[in-house]
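Please open the model in your viewer, with the sequence panel beside it, and follow the stops below in order. At each one there is something to select and a short account of what is there.

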Amino acid sequence: MADHEKLLRSHRRKPLFDPGALPLQVDYRRDAIQRIIPHRDPLLFVDRITGLDLEQGFIAGERTIPADDPVFTGHFPGAPLYPGNFTVEMIGQLGLCMYYFETTQTAEIASDAEPVPARATRIAGAYYLEPIPPGARVTLLARKIDFDGYFASMIGQALVDGKIAVVVIGEVMILGD
């Protein structure tokens, strides 16, 4: 756990990587993303995958937070902020997309692709550093930490206007074969 804390702290101020420098620039939208992860509206939190580095285990994506998202009526009236747990989920979904590419060893999303069957097992740690307001365009970054064929862990960030809003380390259990 101490290693995770050190890793989280080291990525509170600078992005994990430059998404524009990834070797594969892609433009996968929600229809393609729904083929590789099981999430659906209203809980599909990745709008677009923008870049990949299959060798290093990096993935970049985006989400625009709808200004009229009903969550803002209760979080918080008069001072709306996107909930931190939804931001962690956003990053986790991008990480799950990364494991699709990891397991298929391709940067393509086939028309008959099947969602990665997975269950979250833990959040090793998270820092909530900047608020995410209604209408924000969020840049999502994730990097593989470990994947043993059964458990997968990653570190990820959500950035707003170039500032790191959230950094998190999470783990999932990949189900099936």
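**Before selecting anything**

This is a predicted model, in which local features need pLDDT of at least 70 and side-chain atom pairs count only at pLDDT 80 or more, while totals for chains, interfaces and linings use all residues. Residues are numbered from 1 along each chain as its sequence is written, and side-chain values use heavy atoms, with hydrogens and water left out.

**The whole chain**

Show the cartoon and trace the chain from the N terminus, where the elements follow the order α-β-α-β-β-α-β-β-β-β, giving 3 helices and 7 strands; helices (H or I, at least four residues) and strands (E, at least two) are DSSP runs, numbered from the N terminus. The C-alpha trace spans about 45 × 40 × 30 Å along its principal axes. Of the 177 residues, 48% are buried, where buried means under 20% relative accessible area, exposed over 50%, and partly exposed in between (1.4 Å probe, protein chains only).

**The cores**

Select Ile36, Ile49, Ile59, Phe101 and Val138, which have the most contacts inside the largest nonpolar core, a group of 45 residues. Such a core is a set of buried Ala, Val, Leu, Ile, Met, Phe, Trp, Tyr and Cys residues joined through side-chain atoms within 4.5 Å. Elements giving two or more residues to this core include β1 (24-29), α2 (30-36) and β2 (48-53), and the largest share, 10 residues, comes from α3.

Now centre on Ile49, whose contacts (heavy atoms within 4.5 Å), leaving aside neighbours within four places in sequence, include Val26, Ile33, Ile36, Ile59, Leu94 and Phe101. Then move to Leu7, Leu8, Phe17 and Leu22, which are among the 15 residues of a second, separate core.

**The charged pairs**

The structure holds 10 salt bridges, each defined as a side-chain nitrogen of Lys or Arg within 4 Å of a carboxyl oxygen of Asp or Glu. Begin with Arg9 and Glu5, whose closest N and O atoms are 2.9 Å apart; these residues are 4 apart in helix α1 (residues 2-10), and are therefore separated by about one helical turn. Arg9 is partly exposed, with a relative accessible area of 46%, and Glu5 is also partly exposed, at 30%.

Next select Arg122 and Glu171, a salt bridge with closest N and O atoms 3.7 Å apart, which links strand β4 (residues 118-128) to strand β7 across 49 residues of sequence. Here Arg122 is partly exposed at 35%, whereas Glu171 counts as buried at 19%. For a linked set, select Asp27, Arg29, Arg48, Glu62 and Arg137, which form a network of salt bridges.

Arg63 forms a salt bridge with Asp47, at 3.9 Å between the closest N and O atoms, and joins strand β3 to the loop between α2 and β2; both residues are buried.
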